[in-house]
Amino acid sequence: MVTALVAVAVFVFAIILMCRQSGVVKEYDFGAGAYYYADIPGFEKIINDDIFVSSVPLWVHIVLFLIWGWLMFRLWGWIDKKDDFMEFKGKTVLITGGGSGIGEAMAYQYAMKGTNVILTGRRMETLEKVQKKCFEYGVRAWCKTVDMEKSESIDGLVKWIEAEGHVIDFLLLNAGISQRSLTLETDISVDRRLMEVNYFGGIYLVKSLKDMFIERGVHIAVVSSVSGVFGFPVRSAYCASKHAIHGFYETIALEYPQIKTTILIPGRIHTDVSKNALDGNGKATGVMDPGQANGYDVNKCAKVAIKAISRGKHRKVIGGFDTIMVPFYKYVPCLFRLIARNVSAR
């Protein structure tokens with residue numbers, strides 16, 4: 001607050017200086033059309049004369065300029081920390097894939113804001129570990145095993161939500177699997193499985209809860225990837241499923257004003273996603289990619305994501321230097337293709 005008041009004071013002082021024309025010896029205002037005056041006799045002498053000399057020393061102007069820049073930087077930092085644009089406290093978030101990785105880190109971010117958490121995933125032991133930590137933030141938390149590949153499992157989750165009387169204010173769709181195999185060496189069953197888990201499972205859940213969402217509204221955050229923005233080697237099925245996510249959740253937000261969506265677009269984040277990725281035959285590779293091992297910290301990723309959600313961002317790219325590929329793809333596609341073909345897909 002002090003920074004904001006000082007910034008306003010400096011701004012007012014600068015306005016007063018300009019309005020009073022402090023120190024200006026003569027006043028000439030040629031503006032943007034100065035070239036029209038080029039034929040005026042003595043024009044060159046006029047513009048070369050000391051008509052704009054100020055009685056205020058140059059160093060004062062420089063210092064004021066630097067102070068103003070510093071204050072604006074501090075003010076923006078203060079504003080940037082005010083991420084309570086959306087009310088979280090006392091509300092409930094449903095998280096798919098909440099037992100590890102981005103889902104786990106996001107559960108803690110929601111809990112820190114006072115949001116009750118419903119954790120879903122395939123392994124109860126990992127969900128209970130996350131649940132226990134959520135309790136430490138003073139919120140309520142529930143665990144439910146769900147397989148996003150099976151509609152009957154999702155039906156069970158929906159029935160449980162209705163029976164317990166839960167109202168879903170936030171939905172985080174994080175459950176997903178990746179792939180590491182060349183396109184034509186990937187069995188079609190792998191393509192189908194990735195589409196089922198990464199895409200169809202999420203939209204099936206959304207449609208199963210449509211009555212609640214239409215009546216009360218909801219903010220859906222869905223974890224995509226930079227691979228949902230462009231294609232990338234040894235990830236054809238994964239890219240396809242993430243591209244589908246963009247199309248669906250951008251559309252639903254346009255069709256229903258009460259449904260808000262935030263598409264989170266992470267680059268390489270330090271999680272086990274590459275270890276759990278499927279090879280061409282549908283088996284987990286069990287190998288951590290070097291890029292993943294040196295990836296962006298998952299907790300930092302979650303902090304950026306929750307801020308984007310709180311501000312109602314439609315899309316948010318998150319990650320380190322590797323995310324530079326996104327603007328390359330958009331603005332310099334030839335450079336993107338050159339890099340994508342030669343950079344290590346691992």
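## Close-up views of a predicted model

View 1. The model is a predicted one, in which local features need pLDDT of at least 70, side-chain atom pairs count only at pLDDT 80 or more, and totals for chains, interfaces and linings use all residues. Residues are numbered from 1 along each chain as its sequence is written, and side-chain values use heavy atoms, with hydrogens and water left out. Strand β5 (residues 218–223) and strand β6 (residues 259–266) pair in the parallel sense over six bridges, where two strands pair if DSSP finds at least two bridges between them. Strands (E, at least two residues) and helices (H or I, at least four residues) are DSSP runs, numbered from the N terminus.

**View 2. The open sheet of seven strands.** The strands follow the order β3-β2-β1-β4-β5-β6-β7, with parallel pairing. At the edges are β3 (141–145) and β7 (315–318), each of which pairs on one side only. From one strand to the next, the twist averages 15°, and angles here run from 0 to 180 degrees between N-to-C directions, with axes being lines fitted to C-alpha atoms, for helices over the stretch in contact.

**View 3. Helices lying across the strands.** Helix α4 (residues 101–112) lies across β1 (92–96), β2 (116–121), β4 (170–173), β5 and β6, and runs at about 175° to β1. Helix α9 lies across β4, β5, β6 and β7, and its direction is at about 155° to β6.

**View 4. Helix α7 against helix α9.** The axes of α7 (residues 188–208) and α9 (residues 236–255) come within 8 Å and cross at roughly 20°. That angle makes α7 roughly parallel to α9, a term for angles under 35 degrees. The crossing in which α7 passes α9 is right-handed, meaning that the near helix is turned clockwise from the far one by less than a right angle. Residues of α7 in the contact (heavy atoms within 4.5 Å) include Leu 194, Tyr 199 and Val 206, while those of α9 include Tyr 238, Ile 245 and Phe 248. The residues of this contact divide into 13 nonpolar, three polar and three charged, where Ala, Val, Leu, Ile, Met, Phe, Trp, Tyr, Cys and Pro count as nonpolar, Asp, Glu, Lys and Arg as charged, and the others, Gly among them, as polar.

**View 5. Helix α4 beside helix α5.** The axes of α4 and α5 (residues 124–135) come within 9 Å and cross at roughly 20°, and the two helices are therefore roughly parallel to each other. Their crossing is right-handed. On the α4 side the contact is made by Glu 104, Ala 107, Tyr 108 and Ala 111, and on the α5 side by Lys 129, Val 130, Lys 133 and Cys 134. By class, this contact has five nonpolar, no polar and three charged residues.

View 6. Thr 92, found in strand β1, counts as buried at 9% relative accessibility. Leaving aside neighbours within four places in sequence, Thr 92 is in contact with residues including Asn 116, Ile 118 and Phe 170. Gln 258 is found in the loop between α9 and β6, and at 27% relative accessibility it counts as partly exposed. Buried means under 20% relative accessible area, exposed over 50%, and partly exposed in between (1.4 Å probe, protein chains only). Not counting residues up to four places away in sequence, Gln 258 touches Phe 213, Ile 214, Gly 217 and Val 218. From C-alpha to C-alpha, Gln 258 and His 219 are 8.4 Å apart in space, although 39 residues apart in sequence.

Methods. Parallel < 35°, antiparallel > 145°, perpendicular 65-115°, else oblique.
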